[in-house]
Amino acid sequence: MNDSEHSILVVEDEPDIQELLHYNFTKEGFRVFLASDGEEGLSLVSSLEPSLIILDIMLPKLSGFEVCKRLREQEKTSTIPIIIVTAKSEEHDTIFGLDLGADDYVVKPFSIEELIARVRVHLRRYDLYRSAMVNQQPYDEFIRLGPLALASKRHIIFFHNKPLILTLSEFKILATMMSSPGTVFSRAELIKAITDDSHVHLIARNIDVHVLSIRKKLKDHAHLIQTIRGVGYKCVDQRV
Ligand code: CA
């Protein structure tokens, strides 16, 4: 997709920052929409179905955290990339935002060039993911593990023959482990698997939260991911 086919929703209550983002992203060829509070942000996501959301944390009516949480709870909006924007003094809160399913964050005052670059990285990943979801020809081999089947080229993991709804980070963690059943991955290795070229800042606890979320989605097959105390995680090797 070209940038002009991508729409970006900016949810931000500070007029100066709204204007800065609107001006620069429009200049780069994106379609830009603005919301000034959390409620308006949520309603615009449903009506506009943006390609990416830039979400301030301190917002009137609903906080950015609440907006993020609600978007991730709905299947339709569960995979739209979200970049949260936070003040320097709230930087520690960004961990919480990433736990709620945000893909990345920037700290005010941020470099607009860096933000544009990160937006492009996330859009590229998202386009790949979406085209894989609609383009379901069986052109790659499955890696099977119990009721799970990984189609890595298509970026899909099937669970009981239905696509498992995962965030991109969750997908990468599970795909990494499924590709090598029985191999123990440290949290640092899993962070590397998630972040690739996107310069996302993650800590070990984020991995634990993602794994917890994946296990919930695997329901009574949560045991397929095992915790190796003091080391990390692995997918069980069913052949053993
Ligand atoms: Ca604000």
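User: Why is Asp13 called partly exposed?
Analyst: In this predicted model, Asp13 has a relative accessibility of 31%.

User: What makes Asp56 count as buried or exposed?
Analyst: The relative accessibility of Asp56 is 2%. Buried means under 20%, and Asp56 therefore counts as buried.

User: Why does the pair Asp13 and Asp56 tie together parts that are apart in sequence?
Analyst: Asp13 belongs to the loop between strand E1 (7–11) and helix H1 (15–27), whereas Asp56 belongs to strand E3 (residues 52–56). The pair therefore ties together parts that are 43 residues apart in sequence.

User: Why are H2 and H3 called roughly parallel?
Analyst: Helix H2 (residues 38–48) packs against H3 at an angle of about 25°, and the two axes are 9 Å apart. Angles under 35 degrees count as roughly parallel, so H2 and H3 are described in that way. Their crossing is right-handed.

User: Which residues of H2 and H3 meet, and what is the contact made of by class?
Analyst: Gly38, Leu42 and Val45 in H2 meet Val67, Arg70 and Leu71 in H3. By class, this contact of H2 with H3 has four nonpolar, one polar and one charged residues. Gly counts as polar and Arg as charged, while Leu and Val count as nonpolar.

User: What makes Lys69 partly exposed?
Analyst: Lys69 is located in helix H3 (residues 64–73). Its relative accessible area is 33%, which lies between the limits of 20% and 50%, so Lys69 is partly exposed. The C-alpha atoms of Lys69 and Val211 are separated by 17 Å, and these residues are 142 residues apart along the chain.

User: Why does Thr167 count as buried?
Analyst: Thr167 has a relative accessibility of 13%. Because buried means under 20%, Thr167 counts as buried. Thr167 is in the loop between strand E9 (162–163) and helix H6 (168–178). Leaving aside residues up to four places away in sequence, Thr167 touches Ser78 and Lys217.

Methods
Residues are numbered from 1 along each chain as its sequence is written. This is a predicted model: local features need pLDDT of at least 70, side-chain atom pairs count only at pLDDT 80 or more; totals for chains, interfaces and linings use all residues. Side-chain values use heavy atoms; hydrogens and water are left out. Helices (H or I, at least four residues) and strands (E, at least two) are DSSP runs, numbered from the N terminus. Buried means under 20% relative accessible area, exposed over 50%, partly exposed in between (1.4 Å probe, protein chains only). Contact means heavy atoms within 4.5 Å. Axes are lines fitted to C-alpha atoms, for helices over the stretch in contact, and angles run from 0 to 180 degrees between N-to-C directions. Angles under 35 degrees count as roughly parallel, over 145 as roughly antiparallel, 65 to 115 as roughly perpendicular and the rest as oblique. A crossing is left-handed if the near helix is turned anticlockwise from the far one by less than a right angle, and right-handed if clockwise.
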